[in-house]
Amino acid sequence: MSFLNSLSFLGWGVLLSVPPLIVLLYFLKLKRAPLVVPSTYLWSRAIEDMHVNTIWQKLRRNILLWLQLLFVALLILAVLRPGNQAMQATQERLVLLIDQSASMNASVGSETRLEIAKRRATELIDGMSPESVAMIISFADEARVVQSYTNNRALLRRKLDQIQPTNRLTQLDEALQAASGLANPPQTYEEGNPNALGLAQPLEARLYLFTDGGVQLDSEFSLGNLKPEYIPIGNQRLPNNVGIVAFAADENPEQAGQIQAFAQLFNSSDDPQVFDLELFMEGDLLDARSDVELAPGATASVSFDVSRSVEDSIASGVLKLVMNIKDDLEIDNMAYAVFNTRKQSRILVITPGNDALELALETDEISEFARVRVENAEFLETEAYRNLTETTAVDLVIYDRCKPEKMPMANTLFWGQLPPLETWKQGPLSSPVVLIDADETHPLVEWLELGEVLVAEGFQITGPPGTLNLVSSNLGSVMAVGQRLGFEDAVIGFEIVTATEDGKKLANTDWPRHLSFPMFIQNVVNYLGNAAGLNAQKSYLPGENIEIRTVVPYESITVEAPDQQRKSIRRGRQNTYQFTDSRDLGIYKVYEGDDRFVDQQFAVNLTSREESNLRVPDSLELGYEEVQAGQALELGRQEYWKWLLMLSLIILGVEWYIYNRRIYI
């Protein structure tokens with residue numbers, strides 16, 4: 001039998017003062033008024049009252065007093081919460097992992113999953129033995145130690161109550177690493193080495209994981225001294241949820257001036273779902289779909305065509321997709337997409353003469369969205385060149401078989417030459433060059449087929465740390481792109497045309513004869529020249545680090561969150577700005593310079609299939625171990641306060657009955 005204190009000192013003072021007050025009330029002296037009577041009949045009653053007012057007589061004959069005192073005693077005992085431990089633990093260490101990811105916002109009746117997890121964790125804390133200690137770690141995409149090891153149950157309950165829901169994804173790695181670091185501390189002890197010491201003694205800990213699933217861990221992780229217990233949250237009933245798991249906007253490649261919005265929907269329910277979809281742009285309803293039906297466990301894609309032209313160009317704006325349905329998780333029923341106005345790219349080409357390159361830059365598509373200026377190599381020595389490249393007057397400079405003394409304030413493409421930076425290296429000139437593979441995930445070389453391209457001679461490229469190798473060959477990388485103070489530099493390790501000693505031009509590759517060549521030039525203009533068709537902005541997930549770039553390298557920029565809270569971001573080493581506070585869903589606005597106008601926008605959406613899938617698994621794979629769901633907490637209490645309270649109410653009823661019977665009889 002053990003007891004739990006449920007009252008403060010003030011509460012106990014008030015409660016313990018009740019029994020003495022009850023006893024005192026029974027010993028108050030009777031106050032009688034003088035009364036003249038014509039007979040001695042009433043003296044017998046007066047003598048009887050005097051006997052009753054003696055202490056022993058009053059205590060012996062007054063059953064109401066004893067019933068009242070028994071009622072208060074039972075009430076005091078109930079407040080002490082007597083009970084038995086289901087399992088008495090000696091010096092036990094408990095680690096409570098509380099999932100606060102987006103899916104824990106899902107409703108289960110009148111509670112959310114997070115509220116259920118906190119309630120069940122509170123029951124576990126109440127059931128701790130006096131010798132046990134516990135710690136609390138909350139986690140979503142990152143972990144936070146809410147409370148370190150303590151046996152103070154009141155403090156643990158208070159810290160547990162402070163855990164708030166988030167919109168972030170579920171990642172258990174960091175939380176388990178924190179718990180494992182305490183149960184499995186690193187050791188430096190080596191047998192026979194007197195200078196080696198053990199950092200800490202490994203101590204076994206019971207790990208209680210309160211989550212709704214989606215937390216699979218790397219198979220190489222070892223629990224060691226952690227003894228896991230998986231407490232499933234949300235499996236009280238089958239989930240009912242449909243979520244938007246992808247949403248993006250792009251320009252219709254077949255019709256300029258038209259926006260296409262693409263969405264993917266996922267139904268994690270066991271029943272078919274019917275709902276309406278609405279697409280808004282800057283608050284105006286653009287399109288709607290009624291009675292969209294999605295089968296159980298199915299995924300469906302929908303698209304919207306929106307004609308929106310301003311002076312023959314795409315207007316910038318924000319699209320919002322709303323799914324009108326009442327389900328368990330509301331935050332995945334809305335998503336945003338941001339796109340910016342298509343702009344004229346400014347491109348400077350410096351070449352001793354390259355007909356194939358100049359012809360590829362004169363296509364109708366490039367002429368519509370880029371202004372191309374071609375100059376010879378002598379232009380590098382002019383004041384006009386310095387005026388263009390020492391400011392942000394151009395977006396892209398293409399150096400064909402030449403290079404400047406210093407790098408321009410623009411993106412660059414070096415063809416057959418290296419940038420004038422020590423971080424770029426080249427191998428010996430070799431022949432022939434066989435192109436093997438291209439990284440088709442990068443915008444510069446996507447959709448390009450280079451297997452049939454012939455190259456007479458070239459050299460291997462090695463760039464600074466972080467350089468991406470785009471095209472590999474028998475020599476190594478022959479096309480790469482690297483970062484430079486907010487700009488990007490692309491380098492190609494072979495020439496299109498070469499010149500003999502007498503000045504005669506010779507073809508070094510047949511690439512211009514292939515369809516992939518004009519496609520590559522288009523990619524260069526779109527990506528390095530910042531002339532992408534729609535310039536659709538990437539959508540980010542909650543908690544994701546966001547890299548922001550600006551044309552002018554301001555010392556700082558301001559980012560406004562959806563709740564209108566603003567945060568100043570200082571420029572990083574590479575002329576980029578790192579925003580790390582993307583916790584809310586919605587549209588974020590970027591203010592550059594004087595903060596008067598919105599220069600950029602980006603969206604943060606919960607477009608995650610894992611978070612929208614509310615099915616609770618029966619087991620979790622934690623490292624090498626599969627942990628089955630526990631139906632009840634192994635460490636619990638059998639409490640008796642409810643029975644004591646019921647018995648005290650019965651006694652109070654008996655006392656009330658006896659009191660009324662004495663009065664009316």
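The structure holds 20 salt bridges. A salt bridge here is a side-chain nitrogen of Lys or Arg within 4 Å of a carboxyl oxygen of Asp or Glu. The model is predicted: local features need pLDDT of at least 70, side-chain atom pairs count only at pLDDT 80 or more, and totals for chains, interfaces and linings use all residues. Residues are numbered from 1 along each chain as its sequence is written, and side-chain values use heavy atoms, with hydrogens and water left out.

Start with Arg566 and Glu560. Their side chains meet in a salt bridge of 2.9 Å, N to O. Glu560 counts as buried because its relative accessibility is 11%. Arg566, at 43%, counts as partly exposed.

Asp563 pairs with Arg583, and their closest N and O atoms are 4.0 Å apart. Asp563 lies in the loop between strand E33 (556–560) and strand E34 (566–570), and Arg583 in the loop between strand E35 (576–579) and strand E36 (586–591), so the bridge ties together parts that are 20 residues apart in sequence. Helices (H or I, at least four residues) and strands (E, at least two) are DSSP runs, numbered from the N terminus. Asp563 is partly exposed at 37% relative accessibility. Arg583 is also partly exposed, with a relative accessible area of 34%. Arg583 forms a salt bridge with Asp581 as well, and there the closest N and O atoms are 2.5 Å apart. Asp581 is partly exposed at 25%. Elsewhere, Glu111, Arg119 and Glu123 are linked in a network of salt bridges.

The loop between E33 and E34 also holds Gln564. Phi of Gln564 is near 70°, a positive value in a residue other than glycine. Gln564 counts as exposed because its relative accessibility is 63%. Trp447 has a positive phi too, about 70°, although it is not a glycine. Trp447 is found in the loop between strand E23 and strand E24 (454–455). At 68% relative accessibility, Trp447 counts as exposed. Another backbone feature is the peptide bond from Ser431 to Pro432, which is cis, with omega near -10°. Pro432 sits in the loop between strand E22 (425–426) and strand E23 (433–438).

Now turn to the interior. A nonpolar core is a set of buried Ala, Val, Leu, Ile, Met, Phe, Trp, Tyr and Cys residues joined through side-chain atoms within 4.5 Å. The largest such core has 37 residues, and Trp415, Leu435, Val471, Trp511, Phe520 and Ile521 touch the most other members. Helix H12 (residues 516–527) supplies the largest share of this core, five residues. Apart from this core lies another, of 24 residues, among them Ala263, Met281, Val292 and Ile325.

Contacts show how Val471 is placed. Contact means heavy atoms within 4.5 Å. Not counting residues up to four places away in sequence, Val471 touches Leu435, Asp437, Ala438, Val445, Leu450, Gly476, Ser477, Val478 and Met479.

The structure holds 12 aromatic pairs. Rings of Phe, Tyr and Trp (its six-membered ring) pair if their centres lie within 6.5 Å; planes under 30 degrees apart count as stacked, over 60 as edge-to-face and the rest as tilted. Trp511 and Phe517 form an edge-to-face pair, 5.4 Å centre to centre with 80° between the planes. Both of these residues are buried. Phe579 and Tyr588 also pair edge-to-face, at 5.7 Å centre to centre and 65° between the planes. Phe579 and Tyr588 are buried. Ring pairs link Trp415, Phe494, Trp511, Phe517 and Phe520 into a cluster.

Asp99 is a buried acidic residue, at 0% relative accessibility. Its place is in strand E2 (residues 93–99). Leaving aside neighbours within four places in sequence, Asp99 is in contact with Met104, Leu114, Phe139, Thr170, Phe210, Thr211, Asp212 and Gly213. The C-alpha atoms of Asp99 and Ala117 are separated by 8.0 Å, and the two residues are 18 apart along the chain.

Terms used
Buried means under 20% relative accessible area, exposed over 50%, partly exposed in between (1.4 Å probe, protein chains only).
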